[in-house]
Amino acid sequence: MAGPRFVQLHHEDSAALREELARGLLDRPASVAPKFLYDALGSRLFEAITELPEYYPTRTERAILDRHAREVAAITGRGRTLVDLGAGNCEKAARLFDAFAPLRYVALDISVEYLRQALTNLQHRHPGIEMVGVGADFSTALVLPPDAGRGERLLFYPGSSIGNFTPADALRFLRQARAAGGPGGALLIGVDLVKDKATLELAYDDPLKVTAAFNLNLLRRLDALLGCDARVDDFDHVALFNEAESRIEMHLQARRPVRLRWPGGERALAAGERIHTENSYKYTPDAFDRLLREAGFARRVHWSDERGWFAVFLAW
Ligand SMILES: C[S@@+](CC[C@H](N)C(=O)[O-])C[C@H]1O[C@@H](n2cnc3c(N)ncnc32)[C@H](O)[C@@H]1O
């Protein structure tokens with residue numbers, strides 16, 4: 001049995017990434033893009049988050065997909081190329097294999113080493129499906145490698161990762177996803193829905209502090225990528241629901257006055273000052289349906305859970 005093929009579309013140690021990090025740290029307020037949360041350790045911490053009782057999105061989305069996969073496949077047809085955007089441990093896509101019988105599975109992720117391991121294991125379990133792993137950063141542009149060709153495509157974007165984009169950037173990304181789907185393409189996408197503040201904040205600030213570790217790991221990334229001397233115990237994890245913007249925000253808040261230094265730059269933070277590390281926008285089903293329509297998807301259907309906490313949309 002041949003193993004999966006791997007294609008690397010971006011290089012993590014590039015000057016452009018260092019420049020992006022430095023620019024964010026010098027911003028007011030300081031910020032670091034959420035894609036930097038994911039190295040091999042960050043991906044493992046995220047996987048641990050999905051096991052927490054407080055983190056409802058993963059299990060709610062999984063239950064919706066389990067319940068409706070065959071209905072979705074009846075609309076899209078079977079035997080497509082399944083393109084997983086931000087595949088992580090590839091487990092959500094793997095649960096679709098029975099219903100969708102993909103010819104080929106193309107998994108994209110910025111966290112390349114983690115993806116490599118997950119995809120290699122998955123290939124052993126499904127030797128009959130051709131698999132391609134793609135190391136890619138699709139935050140600025142969604143580009144599929146030529147290996148993603150052949151057959152109609154079903155793009156899969158679970159985990160409510162679309163919520164990491166501002167609504168304007170989400171619209172841009174959805175337009176790119178529509179183009180990347182090609183003729184006859186479709187998009188299956190998970191969206192976290194607006195709900196009470198207490199449930200939302202607990203999901204992003206669990207008592208076991210796994211999400212805190214996930215967020216604080218960013219300081220180690222700053223060290224590894226930028227040579228920045230940030231210390232984990234100088235910062236607290238903060239997660240809050242910004243109702244006006246309908247988004248969870250994650251921040252790293254300085255416990256005391258901190259001076260971050262890296263080759264070519266520095267940033268002083270007062271005690272209590274924050275580095276903004278992630279947004280997670282929450283939508284109503286109507287608002288997300290409008291966004292898909294605006295992105296050019298003429299047909300949309302969605303499924304939700306009994307509590308109306310999460311929705312999975314199919315758009316084509
Ligand atoms: C919220 S996790 C979701 C993982 C998995 N799809 C799931 O639903 O459980 C987001 C995933 O997207 C990947 N990711 C984040 N930013 C990315 C980017 N700019 N380009 C490519 N992958 C990215 C992360 O490494 C991570 O695996």
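A crossing of two helices is called left-handed if the near helix is turned anticlockwise from the far one by less than a right angle, and right-handed if it is turned clockwise. The model to which this term is applied here is a predicted one.

Two packed helices are described by the angle between their axes and the distance between the axes. For helix H1, residues 15-26, and H9, the axes come within 10 Å and cross at roughly 130°. Angles over 145 degrees count as roughly antiparallel and those from 65 to 115 as roughly perpendicular; H1 and H9 are therefore oblique to each other. The crossing of H1 and H9 is left-handed. On the H1 side, the contact is made by Arg18, Leu21, Ala22 and Leu25, which meet Leu222, Leu225 and Leu226 of H9. By class, the residues in this contact of H1 with H9 comprise 6 nonpolar, no polar and 1 charged.

Helix H9, which spans residues 210-226, also packs with helix H2, residues 40-49. Here the angle is about 160° and the axes are 9 Å apart. Because angles over 145 degrees count as roughly antiparallel, H2 is roughly antiparallel to H9. The crossing in which H2 passes H9 is left-handed. H2 contributes Leu41, Gly42, Leu45, Phe46, Ala48 and Ile49 to the contact, and H9 contributes Val210, Thr211, Ala213, Phe214 and Asn217. In the contact of H2 with H9, 8 residues are nonpolar, 3 are polar and none is charged.

Attention now turns to the ligand. Which of the 17 residues around the ligand come nearest? They are Gly86, Lys92, Asp109, Ala136 and Asp137. Gly86 takes part through its backbone, a polar atom of which is 2.7 Å from a nitrogen atom of the ligand. Lys92, by contrast, places a polar side-chain atom 2.6 Å from a ligand oxygen atom. For Asp109, a polar side-chain atom lies 2.5 Å from an oxygen atom of the ligand.

Two details of the backbone remain. The peptide bond joining Arg28 and Pro29 is cis, with omega about -5°. Pro29 belongs to the loop between H1 and strand S2, residues 30-31. Ala101 has a phi near 40°, a positive value in a residue other than glycine. The loop that holds Ala101 runs between helix H5, residues 97-100, and strand S4, residues 104-109.

How values were computed:
Residues numbered from 1 in each chain as written. Predicted model: local features only at pLDDT ≥ 70, side-chain atom pairs only at ≥ 80, totals over all residues. Heavy atoms only, no water. Axes fitted to C-alpha atoms, helices over the stretch in contact; angles between N-to-C directions. Helix = DSSP H or I, 4+ residues; strand = E, 2+ residues; numbered from the N terminus. Parallel < 35°, antiparallel > 145°, perpendicular 65-115°, else oblique. Contact = heavy atoms within 4.5 Å. Nonpolar A, V, L, I, M, F, W, Y, C, P; charged D, E, K, R; others polar. Near = heavy atom within 4 Å. Polar contact = N/O pair within 3.5 Å; in protein donor to acceptor, adjacent residues only side chain to side chain.
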